[in-house]
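Hi everyone, thanks for coming. Please have a look at the model on the screen, and then I'll walk you through a few spots.

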Amino acid sequence: MVFNKKRTILIGFAFMSICAFWQFYDNEIPKILKYTFNLGETLTGVVMALDNVLALFMLPFFGSLSDKTDSRFGKRMPYIVIGTCLSTTLLTILIIFARPSGSLPFFIVVLLLLLIAMGIYRSPAVSLMPDLTPAPFRSSANAIINLMGTLGGIYILVMIKVLLKEADDPAKTNYIPLMLSLVLFMILSIVVVFCVINEKKIKEEIHQEGGLHSLGDTFDNDSEPDRSSQTESFDEGTVTKVMPKEVKRSLIFLLVSVFLWFTAYNAVTTAFSRFVGVVWNLHDNAYATCLLVATIAATLSYVPIAFISNKIGRKRTILIGIALMGASYIITGLYPHFSTSINIFFALVGIGWAAINVNSYPMVVEMSKAGDIGKFTGTYYTFSMAAQVFTPIFSGFLLEHVSYKTLFPYAFIFSALAFVTMLMVKHGDVKPPKKDSILENFDVDD
């Protein structure tokens, strides 16, 4: 059994298209709502939370539904193709009608349909990687998938700088060139996946090589190296029908941590494009530079993060990531004016977010059974989306009725809470054996 790096990269094109879309959505839709349709911060937060409200139900549903699907194109591909076709069509309609003379109710309806279309294929697309990757290589594959997603985010940030020229009146900004670049990018990415990834053929090849079995099929006690506090042990290879209480407790604390760090991070990514204008008096999409720095820093940090994870474990690496982000938030919030040195702290945010992202999703998936990957992927996204329902509304209320200067202290508080709950996670973290290649060190195996 070998790790097929090329295949993993090709699978990553699906996640790359998703990340490109959400980079655009998080940064530009709030500006359209505020400047084009004159919505207040609280109402803007409510609208921005719609995708996450839908995701609470849609992602677990379509994750589980795709687990049970059996088509000639595989389990996940029908959802990926249909979702992409609907999403790109609705995105085109949305942007064409995003103008001051346009109808806000029509815009909201199209936006709602667009979010439903994205929900159709998000869980299936993410599940495609563990679905077509043998368990021993899923962590390394997850690092590659994250790299591909980061490239999608970088692409949109670059296109924002190149194609989006903010008019004197922000309401008159022309989004059509940016939208066309995003639609083309999404379509080409999924065409690549559809043309080269044959789900059924790949699964058959992997089964012949030894299978896709997940560590969650045994629910063994892969706890931290120090097991002295464990009251009960589970022999490796023992199969149980019910997840042990200790493992379930760790899973719950991990999912709560996911909620908390997404609450912090999403508040910043959603409001930062407006924060820079109100607090720092920066315009003409200057915010994109800071976010681009964070994204590039995340991309460059995967290898060293994996090295650290290999030495000290997933949990401690995540805790370091949370600490980096929390410290960067609070320091950035102390700046009364923009300074180029702020980019340093955004780079640290990117590194911290990469440390969290590379390690957290595989920890959840590895606790699942091989046939329930879509379901557990949906569960992971349920908690992340619940945070993104809560945080645009709550943080938007604070921005509107208290001050925009509450943004970074808000992010720091929820990061600190995530640090505390992550300390309670006791399973899913062991030191992996030494890897044979640099690429395999992008992440670590449970």
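**A patch, a helix pair and a salt bridge**

Let's start with Phe 97, which sits in the loop between H4 and helix H5 (104-131); helices here are DSSP runs of H or I with at least four residues, numbered from the N terminus. This is a predicted model, so local features need pLDDT of at least 70 and side-chain atom pairs 80 or more, while totals for chains, interfaces and linings use all residues. Residues are numbered from 1 along each chain as its sequence is written, and side-chain values use heavy atoms, without hydrogens or water.

Helices H4 (77-96) and H7 (176-196) each supply at least two of the patch residues.

Next, H10 (residues 287-312) and H11 (residues 314-333) pack at about 130 degrees, axes 7 Å apart.

Finally, the whole structure has 5 salt bridges, meaning a Lys or Arg side-chain nitrogen within 4 Å of an Asp or Glu carboxyl oxygen. In one, Lys 31 pairs with Glu 28 at 3.5 Å between the closest N and O atoms.

Terms used. Axes fitted to C-alpha atoms, helices over the stretch in contact; angles between N-to-C directions.
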